[in-house]
Amino acid sequence: MTARVGIPSSLLYYMHYPMWHTFLTELNLDVVPSGQTNKNFLDQGVKEALADACVPVKLFFGHTLTLRDKVDYLFIPRVVCLNQKTIYCPKFLGLPDMIRYGLPDMPPIIDIQMDVREGRMALFRAYNQIGSSFGAGSLQIARAYLKALYSAARYNALMQKGWHPPEAIKAVLNPNSKDIAPTARKGDLNFAVLGYPYVVHDDYISVGLIGKLKKLGVNVITLENLPPATLARQNCDLDKIMFWTYSDLVLRASHYLFKSGQVDGIIHLTAFGCGPDSMVDKLMELTAKEYSNIPYMSLTIDEHSGDAGVSTRLEAFTDMVKRKKEV
Amino acid sequence: MPRVTFPHMGESYRTFKMLMNDLGNEVVLPPRPSKRTLDHGVRHAPEFACFPFKILMGTYVETCLLGAEIIVTSGGVGPCRAGQYGQLHKKILLDLGYPVDIIVFEPPRLHPIDFLRNIQRLNPNRMSYRAVWDCIKRAWQKLIALDETEKITHVVRPREIVTGSTTRIYRKVLEWIDRSHSAKEIEEAHSSAVEAIKSVEQDPERKVLKVGLVGEIYVLLEPASNLEIEETLGNLGVEVERSMFLTGWTRENTFSETHETISVKDAAMPYIPLCIGGHGMESVGHTVVYAKRGFDGVIQLAPFTCIPEIVARTILTSVSKEHGIPVLTFFLDEQTGKAGMSTRLEAFVDLMKRKKWQDELPEHNAVKKGQ
Amino acid sequence: MKAYLGIDVGSVSTNIVVQDEAGKIHAGIYLRTMGRPIDALLTGMREVGACIPPDLEIAGAGATGSGRYLAGVMIDADVIKNEITAHAVAASMLVPDVQTVLEIGGQDSKIIIMRNGIVTDFAMNTVCAAGTGSFLDQQASRLNIPITDFGELAHSSGAPVRIAGRCTVFAESDMIHKQQMGHRLPDIINGLCEALVRNYLNNVGKGKEILSPVVFQGGVAANKGIKAAFERCLNLTVIVPEYHNIMGAIGVAQLAKEEVQKTGCTKFKGFHITGLSYRTGSFECGGCPNACEIAEIYEGDRVIGRWGARCQRWDIIN
């Protein structure tokens, strides 16, 4: 029987699932994602995680718990740094430890450290270690790694074309399925929804924000749709860059969009109790003041977020942008 | 003369005041964080910024109103948020219309040139590097004197016979240290301060509990932010050992790592194998070390929404189980009330007492059970 | 003469206005919703239907407030708008160059920043009710003083007492403490007004550029103590409109007028709906683990509206 490896569909899932899935599948492992968030996951997570943790961490606990009895291993790598410059938020660094010591009776956790600052081949070495721990030969690992890289490249290319991660993940992993169309651009308004992928693209926790905007006739672009090279060059008027990868990206994206003026409105989606966001949001608010021609709204969501509250704000924001455009 | 100010962190301001004065700056003394400080801070800081950010924000606004032109603070290289505070504070203050500059001191090992440049900016009279070094050395000496004196109060307070006498003497000796200036004066003030506190009337027979304090540096070091937890514990008959002192921290971050830190890191290794920013790893490591040294309990102090401490807290649950040491956590913010905190502290002390002395009082327990 | 109907179904009150082309208010009704929005709406419609002059023709209708979808399907409104847009429109009708709208209702509060007649920024209260009317309601019942007397009492205060605490429970314990210290009642009440204003400005008003003219509306605007506290705190004159508690309905009536000018005719069912029977029901969907609670409204036997689903499964297709 092939070993089953569980990957919680939360946090890093939205950026790295295609790569991880391909790599592990190529090693003849059975990859089990926890699937789309639902109420159950959240309830479980809220019950088990520390009350003061942020919502995404609670959700991650919930996702992990649903995998507990279904898999032989849990894949929670310790992703520290992938771009030589910024590192992941402290909660990512301590993630495997929090799961191991915070939840009872967990299956073995694969918590390989991924830190490209450790040397040129550090990433491959990390994957090699994962492969060897499953007893795979070096040739098989190398082939799996290359295929995984290819998956990641295809995934990123799709997102550059305007796809959103949930659709792009499906497309990359079932190349034969034709039923998923790329995000159509039909609306008359263009909004950017900035925020961490695991908040923006988790339909449950974002209270269906992207779908709601589409219904209001708004095209949505997100962080993943912006060209990474341009973002990397973007000047954020700061003495010191943000330490955390996603925060840094969000901030760069906001500066890029405010300065290039290619969208009609910017919404910052942030999770209640997110530490880095308290700073990112303030910095974005101060930038928005300088570029007042593009309306900006910050939206905080938490485990109790009501549908009504979010809808009202989105409708009001869309009205505001429309009325402004008409004048 | 530039008007310089800096964050208020416990009694350390006495040192910085002397240092800045010696370098030829006019000092705007930061007021002790109060209700008003918090009002300013809460008003201008982001809602979910951590508690230290809000206190510092409030302090800066208060000192700006008093005419401060330059704020000196410390930085950091992450991944804790505190490393970003300087620039965000600056942006908010400029947005509010206060024309201030913030000088952020980064760890000199990583940014040696910036470090020297920053020093020069605070040296309007262009004193020689040697003279500056002398000033820093004396400041360091004073900082040690302050820290050492404080440590002794933690030992003496739970054993004092007249409640409050230690605190009263401590206030007095702080003034002695404050007034000392030359190396010799500081040394004299230091030794007489220690003498004075040690001479507080004590009950050597009294059984005291030993509790370790771990957590985030600012809320550990600024009594106004942790609602004077050390004093409260001392009055409850608990000897406190704080895991962090400004002298210890600065040394770790500026000079070579001390022996004790390494062992704390080793102790944390099985639980958190890498630095997660802030003092999360230290909180875990110190807790293990305190447990091994036979302490009766550990109290973790953390600002609300502090991620490293949240990670640490999640792990501390198993540390507490495995090492059999009770751990109490306070997530502090502007809503924390002293009454609620005292209640929880008293209950925690009772819990530790029962755990420690239940074996020594078998008859008493039997009677209780019999009732 | 043509007139427009505006309905605002909020959590605390249900308001209905009839406003003619010239902007004159012919009927303005303020009712407590008391948890029964359908009953409140039908009662209100009956009253409005009875009191408007017979030559007045309803040429358009709009709904706003948290119950806007319910009201919208019941009367077949021409426009269903969120309360922020409605309040902004109403305020700019009254004070054309308004730059800031402060709105405090029973359970929610908002701030709307406008420049040149356009909303440029807004915020609503998020996690807590400390900057809303219920904060005052709680403390009024605690002090055993009718909330309507609050304004007058606060007015007679010499110096407000500082009441600390963001959340109502903490504020209450602080207030009791101040009472026990022997502070005068008017000073305490004035202190409560200041606490509410402070909480409001620190929560919804945080980071917003509040410029004159400032319009203050919503149910709490009736309280002179709060108005005075705002003026002290902001150092600006604050305008309280005559119909401050039904501004949402006025705004949506105006929006209905604009909408009908575009579409040409109204969908409004007419006042006869007060004779129809409406009932609501709810059930838990078993389609997925989300277990959404679906609420429905029936007109007679026909389902006219459904809410609460996270997916499209229960959408009504006309």
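This is a predicted model: local features need pLDDT of at least 70, side-chain atom pairs count only at pLDDT 80 or more; totals for chains, interfaces and linings use all residues.
Biologist: Is H3(C) mostly covered or uncovered?

Modeller: Look at its residues one by one. Glu83(C), Ile84(C), Thr85(C) and Ala86(C) are among the buried ones. So are His87(C), Ala88(C) and Val89(C), among others. Ten of the twelve residues are buried, and H3(C) is mostly covered.

Biologist: Which strands stand at the edges of the five-strand sheet in chain C?

Modeller: The sheet is open, its pairing is mixed, and its order is S8-S7-S6-S9-S10. An edge strand pairs on one side only. In chain C these strands are S8 (118–124) and S10 (238–239).

Biologist: Which strands of that sheet does H3(C) touch?

Modeller: Helix H3 of chain C, residues 83–94, packs on the sheet. Its direction makes about 55° with that of S7(C). The strands touched are S6 (100–104), S7, S8 and S9 (214–217) of chain C.

Biologist: What is the bridge partner of Met114(C) in S8(C)?

Modeller: Start with the strands. S7(C), residues 109–115, is joined to S8(C) by six bridges, and the two run antiparallel. Within S8(C), the partner of Met114(C) is Val119(C).

Biologist: How confident is the predictor in chain C?

Modeller: For the complex, it gives an ipTM of 0.75 and a pTM of 0.79. In chain C, 96% of the residues reach a pLDDT of 70 or more. The mean pLDDT of the chain is 85.

Biologist: On to chain B. Why do S6(B) and S8(B) each have one side without a neighbour in the sheet?

Modeller: Four strands form this open sheet, in the order S6-S5-S7-S8, and the pairing is parallel. Strand S6 (238–242) and strand S8 (327–332) of chain B stand at its edges. One side of each is left without a neighbour because each has a single partner strand.

Biologist: What is the average twist in that sheet?

Modeller: The twist is taken from one strand to the next. Its average is 25°.

Biologist: Which residue of S6(B) stands opposite Gly212(B)?

Modeller: S5(B), residues 209–215, runs parallel to S6(B), and five bridges join them. Opposite Gly212(B) stands Glu241(B).

Biologist: At what angle to S5(B) does helix H13(B) run?

Modeller: Helix H13 covers residues 280–292 of chain B. It lies across S5, S7 (297–303) and S8 of that chain. Its angle to S5(B) is about 165°.

Biologist: Which helix gives the largest share of the side of chain B that touches chain A?

Modeller: Here 32 residues of chain B are in contact with 30 residues of chain A. Helix H4 (82–96) and helix H14 (307–323) of chain B each supply at least two residues of the chain B side. The largest share is nine residues, and it comes from H14(B).

Biologist: How many residues on that side of chain B are nonpolar?

Modeller: The side also holds ten polar residues and four charged ones. The nonpolar residues number 18.

Biologist: In chain A, which residues form the covered face of strand S2?

Modeller: Four bridges join S1(A), residues 4–7, to S2(A), and the strands run parallel. Val5(A) stands opposite Val31(A). The uncovered face of S2(A) has Asp30(A) and Val32(A). The covered face has Val31(A) and Pro33(A).

Note on methods:
Residues are numbered from 1 along each chain as its sequence is written. Chains are lettered from A and ligands numbered from 1 in the order in which they are written. pLDDT is the predictor's confidence in each residue, from 0 to 100. Two strands pair if DSSP finds at least two bridges between them. Two residues are in contact if their C-beta atoms, placed from the backbone, lie within 7 Å. Axes are lines fitted to C-alpha atoms, for helices over the stretch in contact, and angles run from 0 to 180 degrees between N-to-C directions. Ala, Val, Leu, Ile, Met, Phe, Trp, Tyr, Cys and Pro count as nonpolar, Asp, Glu, Lys and Arg as charged, and the others, Gly among them, as polar. A residue is buried if 20 or more other C-beta atoms lie within 10 Å of its own, exposed if 12 or fewer, and partly exposed in between; C-beta atoms are placed from the backbone.
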